[in-house]
Amino acid sequence: MINLWLTSLLSLLVAALFVPFFKTKHKRAMMWFSLVVLTFALVAQILIARYVYLNGSFFYAFGGYQGGIGISFLVDEFSVLIATFIISLTWLIFIYGWANIKSDFEKAETARYVNLIFIMIFSMVSMVYTHDLFNTYVFMEIMSITTVAIISVKQKKENYSAAFRYLMLNEVGSLSFLFGIGMLYMIGGQLNISAVALVVQQGWPLYSWNIGLALGLMILGLAIKSAIYPMHVWLPDAHGSAPSTSSAILSSIVVKVYLVVLIKVIYRIFGFGIVSFLGLNVILTVMAVLGMIIGSLFAMAQKDSKRLLGYSSVSQIGYIVLGISLGTPLGLYAAIFHIISHGILKTSLFLSVGSFISEKKIRKTHEFRGLGVKMPLATAVFTISSLGMIGIPITSGFIAKWQLGLALSEISWWLIGVVLLSSLLNAIYYLPIIIDFYLKPNPENQTILTWDGMPKRMAFILIFLALSGLTMGLFPGLIETFIELAVSAI
Amino acid sequence: MDILNTLIEQMNILAGMLIFVMGLFIVIVNNHIIKRIIGLNIMGAGVFYFFVSIGNLNQAIPPIIIDLPSDVPYVNPVPSALILTGIVVVVSITVYSLSLAIKIYQTYGTLDQAEIIKKNEERWK
C-alpha cells in the first residue's frame, strides 16, 4: 500500500518529464496520458487515506535513515485529508481545463502548462506530507517557480507584470522562511520537525531571542505567500490575469497549502504557548480581521470579475487565519472546514467565470446583465457558490462561518460581530452580480432560455462542484469525523 | 565590554542579518525591476552567509575524515550542504525573473514598476 502511494507520487514527476515529448498534433493522447496519471494519483491517495484511517498514522523515512537524520514524511489524518483535497480538486480542474484550454493560450503552450501542473501538484502534496523543515523550503521554492509560471504561461503583458510581482514577493517570503530555519538550526542542529519541536521546548528559556526571531521570520514568509491582509498586494493581479484554470488552482489550493504549513509551524514546531507568549496570535487576529473587512471593501470597488474574486479570496483567507490564530481545537476545526469549503466554492466561482470568458468573451461585472437566460447552468453555479461565499444556510459557507462563530463565542463576542459585518460586505458585492444575472434585461433583449454552449465536460465539472458545495452544507456530518481526526492529529 | 565581546564573537551572524536586511530594503524601496532582482540576490547572499557561519566554530578544521584528530573541533558540513540547494534555487529564480524582465521590457517599453502599474490600471477600469 505504502509503495503504491509512493509510486503514485513519483509518477507525477515522471509524467511531468514525459509530457513535453508529445507532439502538438498528439495533444489528445497527451491529455489522456495526463488524466490517467492524475487518476492513478487520486486513487492511490484515497487508498492511503483509507489505510491511515484504519491502521493509524505512520512515518515514512526515505532511504531508511531513521531517527531524524534523513528526510521523513509524516502520513497522518491531517496530511491525508489535505492531500486528498488537493489532488481531487486538481483532478476536477484538470478535466475542466482540458475542455477550456484552447481559449486561454496557444496550442503549443499546452504541454508546458500540463508539465507545470504536474510538478506543482507533486510539490504541494509533498509539502503537506513532509516532516522536515529544509524539505519544506525546497518544495516551497519548486512551488513558487511553478505557480508563477502558470500565470505567465498566458503570454499577455499584464501576466508578465503580475508574475514578476508575485515572484519577487514569493522569493522574499521563501528567503525569510529559510532564515527562520537557519535560526532554529543554530540552536539544536536539527531539521526534523519533531526534533526541532523538542529543541524549541527545551531551549526556549535560553535562546528566546533566536526562537522569537525564527517564529517571526517564518510567519512573515508564510503570510506573504498566503496573502494575509497587508501582504496581499500580489494576489488580485496574479489571480485576475492568470488563465481561469490557473486562477482556480492558485486561489483554492496553492494559498491553502501555505496556510497548512502555517498551522504546522504554529502548532507542531513552536506550540501555541510560545506564539501567544510573544503576542503573535494577537497580531494574526488583527491581520485576519483587517483582511476580512478591507478585502471585502476592495472587492466592492472592482469592475473586473476575476479581480473581484481575488479580493474576495483575501477576505476569505482572513476567516481561515482567524480560526488558526485562536489556538483552540474548535478554531482549528473551523479553519480546516473553511479551507475545504472555500476551496470548492472558489474553484466553482473561478471556473464559471472562466466559462463566461471562454464562451461569451465577457469578464467585466457590468457585462453580466441578463446572462441568466444565455448561460443558465454557469450562472446557476455562480449563484449557488456566491451564496455560499456570503454564508447563506444550506451551503457549505454557512457551516464554515457557523463553526467559526462557535469557536469565537469561547473567546470574544465582538469578533463574531466582525464576522457578521464581513458577511454583510460579501453580500454587498456578490448580490448585485446575481441581480444582474436574473433581473436585468440583456443587451440583445434575449428572453428565451438557451443552452450555455460549453462542452459537456465543463458543464459536468461545474455541476459536480456546485453539488459538492451544497452537500457539504446539507450534510456536514459526512466530513465532520475526518476533520475532527485531523484536528486531533495536529 | 561584554556586549562588545558578544558582538565580535557573533560578527558573522550579525553580518549575515545585515546583508539580508540590506537586500530586503533594496527590494522594497526600488521601483526598477533589475535593481529589485539585484536586491533579491543580496538577500539570498545574506541568508547563505548566515547559514555557512552557523556551521563554523573557532579554530575548526574542515570535516575531512582521513586524518582527523579527535580532539580538534571540525566545521559542521550540513549547513554548507543545505545552502548549495539554496544557491541553485536563487540562481534559477534569478534566471526566471530576468527572462520576465526581458518580456516586460518588450511589451511595456519600460522597466519601472510604478509606470507599469499606471499602465495596468487603465486596463482594469
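1. Let me start with the surface of chain A. Leu297(A), Met300(A), Leu421(A), Leu424(A) and Ile428(A) make up a nonpolar patch there, with about 440 Å² of accessible area together. Patch members have over 30% relative accessible area and no salt bridge, with nonpolar side chains (Val, Leu, Ile, Met, Phe, Trp, Tyr) joined within 5 Å; areas are from the Shrake-Rupley method with a 1.4 Å probe, with only the protein chains shown as cover for residues.

2. Two helices, H11 (280-300) and H17 (413-439) of chain A, each supply at least two residues of that patch. H17(A) gives the most, three residues, and Ile428(A) is found in this helix. Helices here are DSSP runs (H or I, at least four residues), and strands likewise (E, at least two), numbered from the N terminus.

3. A word on conventions: this is a predicted model, where local features need pLDDT of at least 70, side-chain atom pairs count only at pLDDT 80 or more, and totals for chains, interfaces and linings use all residues. Residues are numbered from 1 along each chain as written, chains are lettered from A and ligands numbered from 1 in written order, and side-chain values use heavy atoms, without hydrogens and water.

4. Now the interface. The contact (heavy atoms within 4.5 Å) takes 42 residues from chain B and 40 residues from chain A. Between them about 3,600 Å² is buried, 80% of it from carbon and sulfur atoms; this is the accessible area (1.4 Å probe) lost on being put together, summed over both parts.

5. How many salt bridges link chain B and chain A? The count is zero, taking a side-chain nitrogen of Lys or Arg within 4 Å of a carboxyl oxygen of Asp or Glu.

6. Over all chains, the structure holds four salt bridges. In one, Asp76(A) pairs with Arg268(A), the closest N and O atoms being 2.7 Å apart. Asp76(A) lies in the loop between strand E2 (72-75) and helix H3 (77-104) of chain A and Arg268(A) in helix H10 (residues 244-277) of chain A, so the pair ties together parts 192 residues apart in sequence.

How values were computed: Buried area is the accessible area (1.4 Å probe) that two parts lose on being put together, summed over both. Patches are made of residues with over 30% relative accessible area and no salt bridge: like charges are joined within 9 Å, nonpolar side chains (Val, Leu, Ile, Met, Phe, Trp, Tyr) within 5 Å.
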